[in-house]
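This briefing covers aromatic contacts, a helix and its ends, and surface pockets. The structure is shown below.

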Amino acid sequence: MRRVKWVGDPSPWSDPVLLEGLVRETIPPPLLERLRRFENYQRVCVIPGKTELILGPAHGFTTTYHFGPYFFVQMMEDGDAERLFANEWDRWQFIDVTEVSDEAHRPPMTKRQWQALLASFEKLTLSRKLA
């Protein structure tokens, strides 16, 4: 069993490196546009008290998992957690908190992770639908 927390997609503007690039105007315009499109149209935000997500057998999981609107950590079967973290788009919304506090936040994203995220989201239309 794994403890999985729904935290939503990362925001480029909460990343200190990207925020510094924005302020210093060192982000190339095409990348800036990709980040803006992701932030404004594709990023899923988790807002306590307002958002919730239910994943279940209809999504390929063995049981139903209910995240939110107030509690965002669920115990997941190992296979279900592996399926979730293998999903090209939804994997960015969750962190494994099995060995850390439920209060843990997403670790900082690396440049390679941002590149992978943006490459995946380029495959989608302008707006996002959960896969």
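Phe-61 and Tyr-65 are both buried, where buried means under 20% relative accessible area, exposed over 50% and partly exposed in between (1.4 Å probe, protein chains only). The model is predicted: local features need pLDDT of at least 70, side-chain atom pairs count only at pLDDT 80 or more, and totals for chains, interfaces and linings use all residues. Residues are numbered from 1 along each chain as its sequence is written, and side-chain values use heavy atoms, with hydrogens and water left out.

**Aromatic contacts**

- The count of aromatic pairs comes to four; rings of Phe, Tyr and Trp (its six-membered ring) pair if their centres lie within 6.5 Å, with planes under 30 degrees apart counted as stacked, over 60 as edge-to-face and the rest as tilted.
- The pair of Trp-6 and Phe-72 is tilted, because the ring centres are 6.0 Å apart and the planes stand at 50°.
- This pair links distant parts of the chain, 66 residues apart: Trp-6 belongs to strand β1 (residues 2–6), and Phe-72 to the loop between β3 (65–67) and β4 (73–76). Helices (H or I, at least four residues) and strands (E, at least two) are DSSP runs, numbered from the N terminus.
- Trp-6 counts as buried because its relative accessibility is 4%, and Phe-72 counts as buried at 10%.
- Phe-61 and Tyr-65 form an edge-to-face pair, with 6.2 Å from centre to centre and 90° between the planes.
- Over the ring of Phe-61 sits the charged end of Arg-83, 5.8 Å from the ring centre; the rule requires NZ of Lys or CZ of Arg within 6 Å of the ring centre and within 35 degrees of the ring normal.

**Helix α1**

- At the start of α1 (residues 16–24), a side-chain oxygen of Asp-15 comes to within 2.8 Å of the backbone nitrogen of Val-17.
- Glu-25 follows α1 and has a positive phi, near 60°.

**Pockets**

- A pocket is an open set of points on a 1 Å grid over the protein atoms alone, where a 1.4 Å probe fits, with protein on both sides within 12 Å along at least five of seven lines; lining residues have an atom within 4 Å of a point.
- The largest pocket holds about 490 Å³ of space. Its lining has 24 residues, of which Lys-5, Val-7, Ala-104, His-105 and Arg-106 are the closest to its centre.
- The second largest pocket has a volume of about 280 Å³ and a lining of 15 residues, with Val-17, Leu-18, Leu-31, Lys-111 and Trp-114 nearest its centre.
- To the lining of the second largest pocket, α1, α2 (29–42) and α4 (111–121) each contribute at least two residues, and α4 gives the largest share, four residues.

Definitions and conventions:
A polar contact is a pair of N or O atoms within 3.5 Å; within protein, one must be able to donate a hydrogen and the other to accept it, and residues adjacent in sequence count only if both atoms are side-chain atoms. Grid points are joined across faces, edges and corners, and a volume is the space filled by probe spheres set on the points.
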